[in-house]
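The following note collects points on the model for a colleague's review. Please read each point beside the coordinates.

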Amino acid sequence: MQSLHGGRDKNDACNSPAPLIIDSLTLNYFIDVGGKRTVAAKKPAKKPNVSKEELLQYYKDMLLIRRFEEKAGQLYGMGLIGGFCHLYIGQEAVVVGLEAAAKEGDKRITSYRDHGHMLACGMDPKGVMAELTGREGGYSKGKGGSMHMFSKEKHFYGGHGIVAAQVPLGAGLAFSDKYKGNDNVTFTYFGDGAANQGQVYETYNMAELWDLPVVFVIENNQYAMGTSTKRSTKSPSYWERGAAYGIEGEEVDGMDVLAVKAAGEKAVAHCRAGKGPYILEIKTYRYRGHSMSDPAKYRTREEVQKMRDERDAIEHVRDMLLTGKHATEDDLKAVDKEIKAIVNEAAEFSKESPEPSLDELWTDIYAEAEV
Amino acid sequence: MATEILMPALSPTMEEGTLAKWLVKEGDTVNSGDILAEIETDKATMEFEAVDEGTVGKILIAEGTEGVAVNTPIAVLVEEGESADDIAEAKLADAEAAVDEPAAAAPAAPIEVVTPKEMDIPEGTEMKSTTVREALRDAMAEEMRRSEDVFLMGEEVAEYQGAYKISQGLLDEFGDKRVIDTPITEHGFAGIGVGAAFGGLRPIVEFMTFNFAMQAIDQIINSAAKTLYMSGGQMGAPIVFRGPNGAAARVGAQHSQDYAAWYSQIPGLYVVQPYSAADAKGLLKTAIRDPNPVIFLENEILYGQSFEVPQLDDYTIPFGKARIWREGSDVTIVSFGIGMKYALEAADELAKEGISAEVIDLRTLRPMDLPTVIESVKKTNRCVTVEEGFPVCSIGSYISSRLMTEAFDYLDAPVINCTGKDVPMPYAANLEKLALTTTKEVMDAVKAVTYR
């Protein structure tokens, strides 16, 4: 991995193992050693460079997202959730790793595959699930749905349904922080599909021109709906496109929460130092279809299974916890139980919360002007 | 053979200008490409180059002369051996006449202001003749002084002082942190503006024209207008999108569209289209303070026109209040923006023929002050709407439908919509004229509904 502006020592910030590249077509994993790619087998569990408590927290956070999403899938099947519902299963390490690098005041904004981001930044699973079921207790009082939720309190700015529209919006949030003179950073998430939209590059240009404190997080899950990256672009990587605008960046193993955290810390430090934006292309994988109605015929069952078996981010941390004797099987069972309870409670709440009152049709269209 | 040098047209809408300075004098030899003079338009001071070679035989228009109409001879170029006087004297009379002429027909001539009763301007308020351009600038400057969170971004708004000089002087006063030149990237900077509004700032985003805002319309509608609703009231976008809208003059199909009806369809947006300078100022100040996204539609032809503006410390006009420009009893003419020019001219002409027209300027299109329109139609029983936009699903067609629903029993004639024609804007001068609505069309429509 080379930074674009030279001089970056490979070892200076990443405490994680050598960056891993997943070839989206063959799903072979390579370890980049001195510029040479060497085929790696299942990634070995490394000794974590974070505290036991932190590691356990990441495990919990990732597990919460997975169980939450599984439950959402279930509720969708029962007809309690309607419309579009895009699950985050498989990508949990991305948001959990980056949230570990964030501080109070930092902002985040993403696309419509947003449940994981909301849970990771501390939004209440009850409010998220109730929004999925379109109930009054949801974050948007049932008026936003799966793709449109927000939390001013947690600095979560949505939840946007138009592919890549959140990218200039995220840069605008960063603009507001720079204008106000604080050191907050905005995490602007988008996928490999969005990465081909023109407004991304309009935004790159202005973000670098104005040194905006924004981390562009490309969640490369290899598929833009049903179109693999290989069928969408001939350019070898997305983060390198930043070079055309003078933006530094790097590729990150998105199935390794510690690697994501380390990269996030580096990116955030770059932004807080006033050096402008930074791009993280995080290689990840979505286990489920694009949305609930996607039969996923564009990839083989074996491909998905192989990722699950060999690269699952949650299993990876679980291995670390057990191998390092930071937790026992019983400890982790207790965690599983705790998470299950939170998710069940959210599901119950989302069923019991009433539908919004009919008056709500006509509210929140305009904010009232101060007199 | 002597050549006349004519006053040049230096912008699509220029009809006259000031001959600010001669850079040559009589007797000078000039070559093609030499700078002859500086000419001031309402937008900028431009250098004027010689096209032909020769000697400056006679300067016909002295420097400092204002209101010189385009195509007025301003000097005579002679070839070797020719006498300047022979030619010049013959031309001189023509030239002088030409200078006087436009003063009467000048677009910048103040229009008589009928101050409506409901416009709460205190008795004795000092009024000042101000162009729409200055009024818009003053509104932004006042609001930027009032709140640090207000900033202006757009193409050429800072160092160039605005493509149409609306932001003249703002960079000097507020600096480059708050008056920001963007690259030519409408989709991107509109999105950044909306994001900054989500982040608590009060952006004013200038589009060089609303035609270019089509590149950004997703951010305007999907991001700015809908977020308050989608977030259950948690966050919205206090932002103003402003710039010239509609036809200018001879700029063709892609630079001439009127978007009033498009934006007026969108819940979550406010849409404003002022006619007078006073309304431009008062409504823009309101727009900047409002916590919602506002589409503020201006008009290039109106920029240079002067109106009386009240000299008040803080002159704001609420949204959703139409203005009755003149009262009348035979017909209600409803318009907005530059359509008001045709509406008022038609009303003047019709008065000579004994038809009394009430003229309503909607000023805000969303929310629209329908009660004022309906009340007026209940009195006059007839209505004509005037706009420059396309006829299908126009503002006028919406007003017609509402009148049918809410004032059906009061109508003595069908409502007629005077609109732009259902064609892309042609370039040819005669066709362009035909494509826009005209004072005559408004008069014909009024006569039709009053059965005269």
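1. Leaving aside neighbours within four places in sequence, M144(B) is in contact with V150(B), F151(B), L152(B), F174(B), R178(B) and V179(B), where contact means heavy atoms within 4.5 Å. M144(B) belongs to helix α2 (residues 132-146) of chain B; helices (H or I, at least four residues) and strands (E, at least two) are DSSP runs, numbered from the N terminus. With a relative accessible area of 1%, M144(B) is buried; the term buried stands for under 20% relative accessible area, exposed for over 50%, and partly exposed for what lies in between (1.4 Å probe, protein chains only). The C-alpha atoms of M144(B) and G246(B) are separated by 27 Å, and the two residues are 102 residues apart along the chain.

2. On conventions: this is a predicted model, in which local features need pLDDT of at least 70 and side-chain atom pairs count only at pLDDT 80 or more, while totals for chains, interfaces and linings use all residues. Residues are numbered from 1 along each chain as its sequence is written, chains are lettered from A and ligands numbered from 1 in the order in which they are written, and side-chain values use heavy atoms, with hydrogens and water left out.

3. Chain B is divided into domain 1 (3-105), domain 2 (128-310) and domain 3 (324-449), with bounds that come from an automatic or database domain assignment. The centres of domain 1 and domain 3 of chain B, taken over C-alpha atoms, are separated by 42 Å.

4. The largest nonpolar core has 77 residues, of which F175(A), F207(B), F241(B) and L403(B) touch the most other members. Such a core is a set of buried Ala, Val, Leu, Ile, Met, Phe, Trp, Tyr and Cys residues joined through side-chain atoms within 4.5 Å. Domain 2 and domain 3 of chain B both give residues to this core, so it lies between them. Apart from it lies another core, of 66 residues, including L119(A), V268(A), V335(A) and A346(A). Beyond four places in sequence, the residues that F207(B) touches include F189(B), I220(B), F241(B) and P244(B).

5. How much area do chain B and chain A bury between them? The figure is about 3500 Å², 65% of it on carbon and sulfur atoms; buried area is the accessible area (1.4 Å probe) that two parts lose on being put together, summed over both. I192(B), Y229(B) and M230(B) supply 21% of the area that chain B buries against chain A, more than any other three residues. The contact takes 47 residues from chain B and 38 residues from chain A.

6. Helix α8 (residues 277-289) of chain B reaches 19 Å from its first C-alpha to its last, close to the 18 Å expected for its 13 residues at 1.5 Å a residue; the expected span is 1.5 Å times one less than the number of residues. Since 12 of the 13 residues of α8(B) are buried, this helix is largely enclosed by the rest of the structure. Among the buried residues are D279(B), K281(B) and K285(B). At the start of α8(B), a side-chain oxygen of S276(B) reaches to within 3.5 Å of the backbone nitrogen of A278(B).

7. T130(B), in strand β9 (residues 127-131) of chain B, counts as buried at 6% relative accessibility. A polar atom of the T130(B) side chain lies 3.0 Å from the backbone oxygen of K128(B). Beyond four places in sequence, T130(B) touches A277(B) and F307(B), among others.

8. Backbone geometry deserves a separate check. Most residues other than glycine have a negative phi, and most peptide bonds are trans. A cis peptide bond joins G158(A) and G159(A), with omega about 20 degrees, and G159(A) lies in strand β5 (residues 156-159) of chain A. The bond from R366(B) to P367(B) is also cis, with omega near 5 degrees; P367(B) is in the loop between β20 (364-366) and α11 (370-380) of chain B.

9. Phi of K141(A) is near 60 degrees, and K141(A) is partly exposed, with a relative accessible area of 24%. N71(B), which is not a glycine, has a positive phi of about 80 degrees and is exposed, with a relative accessible area of 52%.

Note on methods:
A polar contact is a pair of N or O atoms within 3.5 Å; within protein, one must be able to donate a hydrogen and the other to accept it, and residues adjacent in sequence count only if both atoms are side-chain atoms.
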